[in-house]
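This report describes a single protein chain for a reader who works with its coordinates. The sequence and the structure come first, and the description follows.

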Amino acid sequence: MGNSGITGIYLAITYPIGFYLLLNSNTIHKIIFGILLLPIILTIFLTDSRNGILSVLTCSILIYCNNSNSFIEYIKKINLKQSIIFAPIIILLSIFSLYNLINHRKDSVDGRILIYKITTNMIFNRPISGFGYNTFYSIYPEYQMTYFKKNPDSKYIKFADNTKYGFNEILQIGAEYGIIGIILTFVFTIYLFTIKNEKNKFIVSPVKYTILSIFLLSLFSYPLRRVETLLTITTFTGILASFDKRFLLSFNRTHHKLIIISLAICYFEIINTTINRNYAYTIWQESKKTSIPDKEKLLIYNSIEDKLKYDTLFLYDYAVILSNCNKNEESNIYFEKVLKHMNTSFIWILKGNNYKNTNNFNNAQNCYIHAFKMVPNRIFPLYQLMLLYKEYNKKNEMIKTAKLIKDFKIKIPSYTTLKIKEEANEIISIYNK
């Protein structure tokens, strides 16, 4: 999956079914489910996914309390004196566990607090309908830039990044679909939890716990944004909904036929489109891996552009190849298309480079400054700005930028950042006389 956190989330989604079956099976099956659950639990801890650990612990407690007859009988026998002793202990242990989970990676927590603050600002600006489908990645960076403009001394500057996800599905849904989206999400979730089917309880109950796990994971992560987890969520949701005996709409035989025909037409159209796109996608991926000249790649990209014109990553690659082939103005046209769906500081730097190559000083300068303000803990936009001033012989601006680079606090030092600082110091020593 290329992401340890997503691996932990994926396993945490599947865990409740196994644990429920473990508690409600005979001895042989208990051994089988125990053997299956052990590596799942171990892997979740190894992925260091706090969301996964929290979900597993919460679901385990709830499933055990609701399905262990001995535990239920023990609870019934507890008197007031025992309650007074055990309740504070349980509360303190819970607080201690949560505190350790939160402070395990404090920087990560602070980074998410920043994301929540900015995402909340987005919701307040478009409270009813939000910014629209799949707009978070393109809109959030601009709000992050505005936030740091208003709070230049914020302690969260060092945690800023090119953020793609809201790390809270409710907030991200609110940003993209507004209060309407949040209400519909809660209505649908409540609907799933209220499905009852005693006849198939052995299937319905564990899937309900899975939905609970998804909800818990959604509070601090992004399970709805990854294909791996989304496919699993869709499957479990469909299974649970299929056992509901309530009917919202009913159709006669004629309606059934019309619906089936319509779905069949849509299905074959989607299959046809997918096959065509898959062929173009394969060509694109293979050309990326080969070491052919950029001009040859450009010819290949031109031939498949029509099939992949809605693929953001393809458009990004296309814009980069155009830039490499000195088609800078055309490259920026495609970067503008990319920015509607994927907004990062690096894209603004590439746009600035294109303007620089066409001797458009003002636009190049604005792009580099924009990139820096979006993610103010990155040194590279300042470096590009310093080189721009050097090329255009703007001595004062160049020295001022070099001094900023010299005093810049590096989040993660590297060979590149050290060389950039060395170059800035060299410029200061030569020109600042």
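Which helices each supply at least two residues of the lining of the largest pocket? They are α7 (136-150), α8 (169-193), α10 (227-242) and α13 (312-324), where helices (H or I, at least four residues) and strands (E, at least two) are DSSP runs numbered from the N terminus.

The model is a predicted one, in which local features need pLDDT of at least 70 and side-chain atom pairs count only at pLDDT 80 or more, while totals for chains, interfaces and linings use all residues. Residues are numbered from 1 along each chain as its sequence is written, and side-chain values use heavy atoms, with hydrogens and water left out.

## Overall form

The secondary structure of the protein chain consists of 19 helices and zero strands. Along the principal axes, its C-alpha atoms fill a box of roughly 85 × 65 × 45 Å. Of the 433 residues, 42% count as buried; here buried means under 20% relative accessible area, exposed means over 50%, and partly exposed lies in between, with a 1.4 Å probe and protein chains only.

## The largest pocket

The largest pocket has a volume of about 960 Å³. Of the 24 residues that line this pocket, the closest to its centre are Tyr 133, Asn 134, Lys 164, Tyr 165 and Arg 225. On a 1 Å grid over the protein atoms alone, a pocket is an open set of points where a 1.4 Å probe fits, with protein on both sides within 12 Å along at least five of seven lines, and lining residues have an atom within 4 Å of a point. Grid points are joined across faces, edges and corners, and the volume is the space filled by probe spheres set on the points.

Helix α8 gives the most to the lining of the largest pocket, with six residues. By class, that lining holds 12 nonpolar, six polar and six charged residues, where Ala, Val, Leu, Ile, Met, Phe, Trp, Tyr, Cys and Pro count as nonpolar, Asp, Glu, Lys and Arg as charged, and the others, Gly among them, as polar.

## Salt bridges

The structure holds 10 salt bridges, each being a side-chain nitrogen of Lys or Arg within 4 Å of a carboxyl oxygen of Asp or Glu. Three of them are set out below.

| Pair | Distance, N to O |
|---|---|
| Glu 176 and Arg 225 | 3.3 Å |
| Arg 277 and Asp 311 | 3.6 Å |
| Lys 288 and Asp 317 | 3.3 Å |

The side chains of Glu 176 and Arg 225 meet in a salt bridge. Glu 176 lies in helix α8 and Arg 225 in the loop between α9 (201-218) and α10, so this pair ties together parts that are 49 residues apart in sequence. Glu 176 is buried, with a relative accessible area of 2%, whereas Arg 225 is partly exposed at 24%.

Arg 277 and Asp 311 also meet through their side chains, and the pair links distant parts of the chain, with Arg 277 in helix α11 (residues 253-289) and Asp 311 in the loop between α12 (294-304) and α13, 34 residues apart. Arg 277 counts as partly exposed at 33% relative accessibility, and Asp 311 counts as buried at 14%.

In the salt bridge between Lys 288 and Asp 317, Lys 288 lies in helix α11 and Asp 317 in helix α13, so the pair ties together parts that are 29 residues apart in sequence. Lys 288 is partly exposed at 39% relative accessibility, while Asp 317 is buried, with a relative accessible area of 16%. Salt bridges that share partners join Glu 169, Glu 176 and Arg 225 into one network.

## Surface and backbone

Ile 128, Ile 179, Ile 180, Ile 183, Leu 184 and Val 187 form a nonpolar patch on the surface, with about 560 Å² of accessible area together. Such a patch is made of residues with over 30% relative accessible area and no salt bridge, with nonpolar side chains (Val, Leu, Ile, Met, Phe, Trp, Tyr) joined within 5 Å, and the areas come from the Shrake-Rupley method with a 1.4 Å probe, with only the protein chains shown counting as cover for residues. Leu 184, which belongs to helix α8, counts as exposed at 56% relative accessibility.

Most residues other than glycine have a negative phi. Asn 326, however, has a positive phi of about 65°; Asn 326 lies in the loop between α13 and α14 (328-339) and is exposed at 63% relative accessibility. Asn 393 likewise has a positive phi, near 55°, and its place is in the loop between α17 (380-391) and α18 (395-406), where Asn 393 counts as exposed at 65% relative accessibility.

Notes. Patch = residues over 30% accessible without salt bridge, like charges linked within 9 Å, V, L, I, M, F, W, Y side chains within 5 Å.
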